[in-house]
Amino acid sequence: TDSEWHGYNTDGGGLMLDFKRLGLDIARRRVLIVGAGGAVAGLIQPLLKHNPSSMVIVNRTGERAEQLADRFDRPQQIYGGGFGLADENRPFDVLIQATSAGHARGLPPVKPAWLAGDGRVYDLNYGPAHQPFANWCRERAIEVSDGLGMLVGQAALAFEIWTGRRPQIAPVLAELLAE
């Protein structure tokens with residue numbers, strides 16, 4: 001505007017819209033986030049608003065995950081560190097894979113033991129970048145959802161910011177999945 005700028009991040013809102021679509025409620029559940037990049041920074045506050053019992057962020061560079069966790073006001077509920085922190089705090093009810101490893105056809109060093117028996121897995125990646133992690137999950141009979149629904153949710157929220165109207169998400173997602 002003429003007087004000021006406004007910035008928005010729709011990552012977390014898009015994720016929460018997709019969690020709702022998937023019936024994934026994180027209230028009073030233990031959440032593990034693998035990765036500590038910019039997308040994760042945009043997810044944490046919306047996730048915390050849904051009251052998980054705890055949240056652990058792990059990353060190849062543990063210090064980066066620790067610094068990210070320390071940016072939020074709930075130190076009793078959110079922790080960050082290296083991958084060993086997931087081993088120390090397992091099992092988790094929800095695992096969010098947020099690394100870019102799939103873009104290089106790689107995998108983060110996740111372990112099935114990190115998940116509770118009825119744990120849910122969500123990968124922020126979609127398309128070809130999701131395939132390595134999807135294959136890893138399939139080989140271990142772990143159900144995983146990709147991040148395409150989050151992408152559509154983010155776009156809907158951004159459209160709403162600009163126009164004041166939120167488009168329907170389900171038809172857009174159905175069209176993309178059909179392609």
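Is Ala65 buried or exposed, and what is its relative accessible area? In this predicted model, Ala65 is buried, with a relative accessible area of 0%.

**Ala65 in helix H3**

- Ala65 lies in helix H3, which covers residues 62-70.
- Setting aside residues up to four places away in sequence, Ala65 touches Ala36, Ile57, Val58, Asn59, Gly80 and Gly81.
- Val34 stands 31 residues from Ala65 along the chain, and the C-alpha atoms of the two are separated by 9.2 Å.

**Helices H1 and H2**

- Helix H1 spans residues 11-22 and helix H2 spans residues 38-49; their axes come within 7 Å and cross at roughly 60 degrees.
- The crossing of the two helices is right-handed.
- On the H1 side, the contact is made by Asp11, Gly12, Gly13, Leu15, Met16 and Phe19.
- On the H2 side, Gly38, Ala39, Gly42, Leu43, Pro46 and Leu47 take part.
- Sorted by class, this contact has 7 nonpolar, 4 polar and 1 charged residues.

**Ser145 in strand S6**

- Ser145 belongs to strand S6, which consists of residues 144-145.
- Ser145 has a relative accessibility of 15% and therefore counts as buried, since the cut-off for that class is under 20%.
- Apart from neighbours within four places in sequence, Ser145 is in contact with Leu22, Val121, Tyr122, Asp123 and His130.

Definitions and conventions
Residues numbered from 1 in each chain as written. Predicted model: local features only at pLDDT ≥ 70, side-chain atom pairs only at ≥ 80, totals over all residues. Heavy atoms only, no water. Axes fitted to C-alpha atoms, helices over the stretch in contact; angles between N-to-C directions. Helix = DSSP H or I, 4+ residues; strand = E, 2+ residues; numbered from the N terminus. Left-handed = near helix turned anticlockwise from the far one by under 90°. Contact = heavy atoms within 4.5 Å. Nonpolar A, V, L, I, M, F, W, Y, C, P; charged D, E, K, R; others polar. Buried < 20%, exposed > 50% of the residue type's maximum accessible area, 1.4 Å probe, protein only.
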